[in-house]
Amino acid sequence: AAQDLAKAEKASLAADEAVAPLRQQAEAARATVNRLLLERRSLEEERDRLARQAEELARQRQQLAEDVAHERARLEDARESLARLAADAARLQEREPALAEERAAAEAARQAARRQLEEAQSARDEAARLLAEARGRRAGLESDMLAIRRRLEAIAEDLSDCDLEAEESALAARREEIATTRASLEEIASASTALEEAISAATAALAEASAAREAEEEKLAACRAQRVALESERDALAESLARNRARENGLLAFPVPEGLEAAVASALADLVRLPLLADTEEPEEGLALRALAPFAAGTLPAWPEDLVPLADLLPEAPGPLKRRLQTVALWKGEEDAGILRARQQELAPGQKIVTSSGVLLSAEGITG
């Protein structure tokens, strides 16, 4: 029994010695699992962070694309505005003589209206004077008629008081006096009628003078309003032209043949507002224009015979504009929409055509 007990103890010790490495391996495996779990959690957090960062980068990229599109739209709007300003400047220059003539015509009309108003006022005053005189004469004639009637009444009373003998002796004289009085009454009645007609004519003339005065006052007010409108339009166009010239870089200060003003303004609208750069200078912000040598002969696509490059028509243009003028040609044919679309389809890359009225068409499809 003692031997068996000793054997059992030895077996137990041997088992403990055999289990100890397994326990150590189990502890090491448990530690490895915990470490792997921690690393997995860290990797998942890193994955989530990278996913969020990717979403943020995608959002920023989308925002940048929208900003670029917006800036391009603004640039196109600016080009269109510059073209419109150039056209406005050309129209202002063309209309300046007409505005001067209109102002002169308005001033002449105002002076004529003032003279007519003064004449109408004079006519009205004269009519009022004649009316007053006619009324005075009428009052005098009415007074004379009243005196004659009273005299006739007195004569009638005298006749009734006289006896037949006295009546016979004075009858002839009375009859003559009555005839004379009747003639005077008829003259007074005729004069009164004439005065009534004169008063009516004077009243009508006074009404006509008043109406003429009102009409001339309306004409004068219209002339003044027209003058104010013309002056406002002149000031607005002058201000627009001043703003337009203030933004120019001086590149348009070269002789342009008559009839090409609108075409040149449209072809160079986006360049004449850009700041000029020296050879080694870089733009501080936004776009700028650098003077480059003209394209060498043979490097550009050939133009059809009915299109003339602006560079050939504007030999005195400054250097920074040479390349643009080499790529834009003048269309002198009919400005029909269908014909222009067909010619636009035939343009080589980089080419543009412009009409005498300033319509610009590019090979990329830009039309305006």
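Which residues have the most contacts inside the largest nonpolar core? In this predicted model, they are Phe254, Leu268, Leu310, Leu314, Leu325 and Val354, within a core of 20 residues. A nonpolar core here is a set of buried Ala, Val, Leu, Ile, Met, Phe, Trp, Tyr and Cys residues joined through side-chain atoms within 4.5 Å; buried means under 20% relative accessible area, exposed over 50%, and partly exposed in between, with a 1.4 Å probe and protein chains only. The elements that supply two or more residues to this core are α3 (261-267), α4 (310-313) and β4 (328-331), and α3 gives the most, with three residues. Another core, of eight residues, lies apart from this one and includes Trp303, Leu307, Ala329 and Leu347.

Residues are numbered from 1 along each chain as its sequence is written. Because the model is predicted, local features need pLDDT of at least 70 and side-chain atom pairs count only at pLDDT 80 or more, while totals for chains, interfaces and linings use all residues, and side-chain values use heavy atoms, with hydrogens and water left out.

Beyond its neighbours within four places in sequence, Leu325 is in contact (heavy atoms within 4.5 Å) with Leu268, Pro309, Leu310, Ala311, Leu314 and Ala317.

The protein has six helices and six strands, taken as DSSP runs (helices H or I, at least four residues; strands E, at least two) numbered from the N terminus. Along the sequence, these follow the pattern α-α-α-β-β-β-α-α-β-α-β-β. Of the 368 residues, 22% count as buried.

Turning to open space, the largest pocket holds about 630 Å³. A pocket is an open set of points on a 1 Å grid over the protein atoms alone, where a 1.4 Å probe fits, with protein on both sides within 12 Å along at least five of seven lines; lining residues have an atom within 4 Å of a point. Its volume is the space filled by probe spheres set on the points, which are joined across faces, edges and corners. There are 28 lining residues, and the closest to the pocket centre are Arg79, Ala83, Ser266, Leu360 and Gly368. Two or more lining residues come from each of α1 (2-161), α3 and β6 (360-362), with α1 giving the largest share, 10 residues.

Ser266 belongs to helix α3 and is buried, with a relative accessible area of 13%. Leaving aside neighbours within four places in sequence, Ser266 is in contact with Val354, Gly358 and Leu360.
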